[in-house]
Amino acid sequence: MDANESALMHFVNMDDPQSVLKEVKTTVSMIFPTFDFASIDLAFSDFVDLFAGDYPGYRKCNTRYHDLKHTTDTFMALARLIHGATTTGVKITRRGISLALISALMHDTGYIQTTDDQTGTGAKYTLSHVDLSIDFMSDYFNNKGYPREDLIFCRNIVRCTGLDVGMERIQFTNSENELLGKMLGTADLKGQMADRGYLAKLIYLYHEFREGGVTGYDSELDLLKKTPDFYQMTLKRFEERLGDVRRYMRYHFRSRWNLDEDPYKKTIEEHISHLKHTLRYHSDNYRKHLQRGCLIPDVDEQVKIHHQLKTGDPS
């Protein structure tokens with residue numbers, strides 16, 4: 001494996017949405033060999049269309065941190081946590097798995113602007129994107145004929161991704177709903193921080209925050225300097241607010257890949273170590289040193305890959 005390549009890229013091409021979907025389905029099939037993926041396949045196709053600008057009434061994604069890959073990273077991480085949990089004897093239903101994975105696909109749809117919203121980018125919705133994602137999901141579920149109880153189940157799960165949302169205020173329908181919500185909250189954080197382009201994409205995150213009115217960061221460099229503290233906050237959140245479900249990741253990799261470790265944890269720690277080194281020795285040229293030889297595909301490239309695989313058209 002190349003030194004600049006995230007350990008996670010060794011298992012699946014995380015830059016290719018269809019490869020991610022295939023691995024998610026393989027992972028879920030290890031729990032239920034006869035799992036019905038119809039609703040997930042449809043939601044995944046609609047999600048990619050939405051981010052590509054091919055979904056009726058919506059513009060294509062124009063946020064470069066909260067992009068298509070961020071969602072597929074979260075989608076993959078969630079499937080792995082679910083599978084890891086089941087290998088330890090945790091019981092999760094087929095319905096719960098399906099709705100949780102669909103929730104992962106929907107959790108950042110609030111960043112996508114409608115066609116009549118031509119001002120700025122979706123980043124302006126940073127502070128309200130969770131509620132807007134739930135609004136989109138509500139319309140989607142109504143259009144697809146989902147029962148109301150499924151919407152409530154998924155709404156609770158998506159709310160767990162909001163860092164400012166008190167978990168005690170979420171009225172989970174049952175213990176499975178709560179577990180899957182905590183898993184999505186964990187997958188959202190682990191997925192984005194283990195992205196091989198995470199450090200370079202923090203530059204995009206700063207500008208999303210600036211447009212979205214998020215305070216506390218004076219510059220790109222200031223956000224970078226505060227990222228190690230953010231990582232410590234996520235560790236505390238994993239343990240105290242999200243039920244420490246991160247522990248299930250190791251069980252997945254032990255079962256699926258015969259690897260007795262959590263490569264997400266390893267990759268994130270490597271990112272933070274490299275960031276600290278960059279800040280100490282290269283703060284005057286941090287952008288160059290954060291790239292680490294990685295190309296960061298934008299949403300157009302991701303959508304192009306998806307289109308080629310979906311249609312067989314190389315154009």
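Four helices, α5, α7 (175–193), α8 (198–212) and α9 (220–240), each supply at least two residues of the lining of the largest pocket; helices here are DSSP runs of H or I with at least four residues, numbered from the N terminus. The model is a predicted one, in which local features need pLDDT of at least 70 and side-chain atom pairs count only at pLDDT 80 or more, while totals for chains, interfaces and linings use all residues. Residues are numbered from 1 along each chain as its sequence is written, and side-chain values use heavy atoms, with hydrogens and water left out.

Among the helices, α9 gives the most to the lining of the largest pocket, with five residues. This lining has 33 residues, and Thr126, His129, Thr161, Leu163 and Phe209 lie nearest the centre of the pocket. A pocket is an open set of points on a 1 Å grid over the protein atoms alone, with protein on both sides within 12 Å along at least five of seven lines, and lining residues have an atom within 4 Å of a point. The space in the largest pocket comes to about 740 Å³, where a volume is the space filled by probe spheres set on grid points joined across faces, edges and corners. By residue type, the lining divides into 16 nonpolar, 10 polar and seven charged. In this grouping Ala, Val, Leu, Ile, Met, Phe, Trp, Tyr, Cys and Pro count as nonpolar, Asp, Glu, Lys and Arg as charged, and the others, Gly among them, as polar.

The second largest pocket has a volume of about 270 Å³. Its lining of 15 residues has Lys190, Arg246, Asp262, Lys265 and Lys266 nearest the centre, and it divides into five nonpolar, no polar and 10 charged residues.

Five cavities of 30 Å³ or more are found in the whole structure, a cavity being a set of grid points where a 1.4 Å probe fits but cannot get out. The largest cavity has a volume of about 70 Å³. It is lined by 11 residues, of which Leu8, Met14, Asp73, Ala194 and Asp195 are the closest to its centre. Five nonpolar, two polar and four charged residues make up this lining.

Helix α5 (residues 129–144) deserves a look of its own. Its 16 residues reach 22 Å from first C-alpha to last, close to the 22 Å expected at 1.5 Å a residue, the expected span being 1.5 Å times one less than the number of residues. Buried along α5 are His129, Val130, Ser133, Ile134, Phe136, Met137, Tyr140 and Phe141. They cover an arc of only 160° around the axis, so they sit on the same side of α5; the arc is that of the directions from the helix axis to the C-beta atoms. Exposed Asn142 and Asn143 are carried on the face turned away from this buried side. Buried means under 20% relative accessible area, exposed over 50%, and partly exposed in between (1.4 Å probe, protein chains only).

Finally, the cysteines. With a disulfide taken as a pair of cysteine sulfur atoms within 2.5 Å, the count comes to zero disulfides. Cysteine 154 is in no disulfide, and the nearest cysteine sulfur, that of cysteine 160, is 12 Å away. Cysteine 154 is buried at 0% relative accessibility, and cysteine 160 is buried with a relative accessible area of 1%.
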